[in-house]
Amino acid sequence: MVQKLTQEQLISHLNMPIFKIISEEADNLNRECYVVGGFVRDIFLNCPSKDIDCVTVGSGIELAEKVAERLKREGKKAYLNVFRNFGTAQVKYKGVEVEFVGARKESYSHDSRKPIVEDGTLEDDQNRRDLTINDMAICLNKARFGELVDPYHGLDDLEAGLIRTPLNPDITFSDDPLRMLRAIRFACRFGFKIVPDTFEAIARNRERIKIISAERIIDELTKIMKCRKPSVGWALLQRCGLLQIIFPELQALSGIETKEGRGHKDNFVHTITVLDNLCRAQEERKLNELNEEKSEELFDKQLYLRWAAIFHDLGKAKVKHWDDKLGWTFHNHDYVGMRMVQPIFRRLKLPMGAEMKFVEKMVGMHMRPINLADEGITDSAIRRVMFEAGEDTDCLMTLCEADITSKIPEKVRRFLENFKIVRQKMAEIQEKDDIRLMKLPVDGNEIMERYHLSPSREVGTLREAEKEAILDGQFSSTDREAALAFLDNLAHEIGVL
């Protein structure tokens, strides 16, 4: 809900001490100064922010230095970072970050998003911005403190829920193609509509995205993935043609092929539906707070579970096959998809460490619980899934539950009921013997010592048999005596005892 605010009400949103200091130091320098961009937008959306961007007509670095000096003179802790190559500076004070930049006008060459920058007026600075909703400014000078400067009616667009560019969208997007992804990201974040001429310009200029680095692109995609309903962003990327350029493997899932009157589901639509299902489950079950509860986790597992949802069916485009008896089949798409994770992560500049391994695991295993629901549930099968998924068992089950997208309500109900039974069995098994953290009661070193073996195939055979016996429920991972009896018997059978 957009707030209608008077100038007096806007002033009340600028009651942080830092704004008074900026105002006074800007006046001392006889400089126009404005707070701009997302901070202003979020005031009207009633979403308080501590990331503040200030534009001054003149040197942003000089104003930042004056503000930092003033804070230090008054005995306050303030940190100044200057980025002279970019003409910007940052002041950090009491958990607030203020970015200072001089007003500028920009011109671009066709093969680069790096502009030729010249000093400019506030009008020049507002002309170069990406979207009208990010183009509002509030004056900080004493004589006009709290006055809104909104030449492109960004507030009207905010109230109407519209995404558009301040100037000609073809020029805006051609100059800096990253703005196309930002337009889609803000449409996704706020649930706004991109106006037709702006969206058509994105489609016309989509090839320009090729001059943008993979790092900048993945930053925008990650922000889309963190939205409440990220399918909106992915659908827009697909509609305008950017998806084919950025993520062709996902685009390859789009569409329905029909043969002999039989079609398969649109696997792109299915994928983004699974993603939204997953996000809803995370919100309902508060899984997105997991990292706060488990500080030992090295990465945002819930974000990468969302990426696993995007990746989970990528293999289907490669394995799709028509069978005269069965119709369309996608055999082994989980394995093929798992093999696709690493090269795509590398190309997209996603993290290649634990995050990538986690997504590989989720993609490679996502059919396992579904098969349990299909084929009947046994303790042995559940133990194996829990052992292989380990501490990520709950993440795997959440992904699998999100993967049920049939249009037949009874089918969805039946699968989800089966998954409830699976979860219940998992809880019972975990209570008896936490199989996810299972360690063999007799490890490889002890096997070699007990049977006078050097590292060999026989050692591997004994260890694997011990593991399988535990997973089959013959004895628990804490029953050392039973494990030794089992190993002695097997060692005798294979001739090493």
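The legends below describe close-up views of a predicted model.

**View 1. Helix α24 and its buried face.**
Helix α24 covers residues 444–451, and its buried residues are Gly-444, Ile-447, Met-448 and Tyr-451. Seen down the axis of α24, these buried residues fall within an arc of 95°, so they line one face of the helix. An α-helix has 3.6 residues a turn, so residues three or four places apart point the same way. Asn-445 and Glu-449 are exposed and sit on the face of α24 turned away from the buried side. The cover over the buried residues includes α25 (457–471) and α26 (480–493).

**View 2. The two ends of α24.**
At the start of the helix, a side-chain oxygen of Asp-443 comes to within 3.2 Å of the backbone nitrogen of Asn-445. Asn-445 is also one of the exposed residues on the face turned away from the buried side. Just after α24, His-452 has a positive phi of about 55°. Most residues other than glycine have a negative phi.

**View 3. Ala-483 in helix α26.**
Ala-483 belongs to helix α26, which is part of what covers the buried residues of α24. With a relative accessibility of 0%, Ala-483 counts as buried, because the cut-off for that term is under 20%. Leaving aside residues up to four places away in sequence, Ala-483 touches Pro-441, Val-442, Glu-466 and Phe-475. From Ala-483 to Gln-238 the C-alpha to C-alpha distance is 55 Å, with 245 residues of sequence separation.

**View 4. The largest nonpolar core, around Trp-307.**
The largest nonpolar core has 122 residues; the members that touch the most others are Trp-234, Leu-242, Phe-247, Trp-307, Phe-311 and Val-359. Helix α8 (residues 178–190) contributes 9 residues, the largest share of this core. Apart from this core lies another, of 19 residues, including Ala-465, Ile-470, Ala-491 and Val-496. Leaving aside residues up to four places away in sequence, Trp-307 touches Ile-218, Leu-221, Thr-222, Met-225, Trp-234, Phe-247, Leu-350 and Val-359.

**View 5**
In strand β4, 5 of 6 residues are buried. Strand β3 (residues 79–83) runs antiparallel to β4 and is joined to it by 5 bridges. In this pairing, Phe-83 stands opposite Thr-88 of β4. The hairpin of β3 and β4 has 4 residues between the strands, and Gly-87 in the turn has a positive phi of about 70°. Strands β4 and β5 also run antiparallel, with 6 bridges joining them. Here Gln-90 stands opposite Glu-99 in β5. In a regular strand the side chains alternate between the two faces of the sheet.

Lys-94 lies in the loop between β4 (88–93) and β5 (96–102). The hairpin of these two strands has 2 residues between them. Phi of Lys-94 is positive, near 50°, in a residue other than glycine. Lys-94 is exposed, with a relative accessible area of 68%.

Asn-332 is in the loop between β15 (327–329) and α18 (333–348). Its phi is near 65°, again a positive value in a residue other than glycine. The relative accessible area of Asn-332 is 54%, so this residue counts as exposed, for which the cut-off is over 50%.

Technical notes: Residues are numbered from 1 along each chain as its sequence is written. This is a predicted model: local features need pLDDT of at least 70, side-chain atom pairs count only at pLDDT 80 or more; totals for chains, interfaces and linings use all residues. Side-chain values use heavy atoms; hydrogens and water are left out. Buried means under 20% relative accessible area, exposed over 50%, partly exposed in between (1.4 Å probe, protein chains only). The arc is that of the directions from the helix axis to the C-beta atoms. Contact means heavy atoms within 4.5 Å. A polar contact is a pair of N or O atoms within 3.5 Å; within protein, one must be able to donate a hydrogen and the other to accept it, and residues adjacent in sequence count only if both atoms are side-chain atoms. A nonpolar core is a set of buried Ala, Val, Leu, Ile, Met, Phe, Trp, Tyr and Cys residues joined through side-chain atoms within 4.5 Å. Two strands pair if DSSP finds at least two bridges between them.
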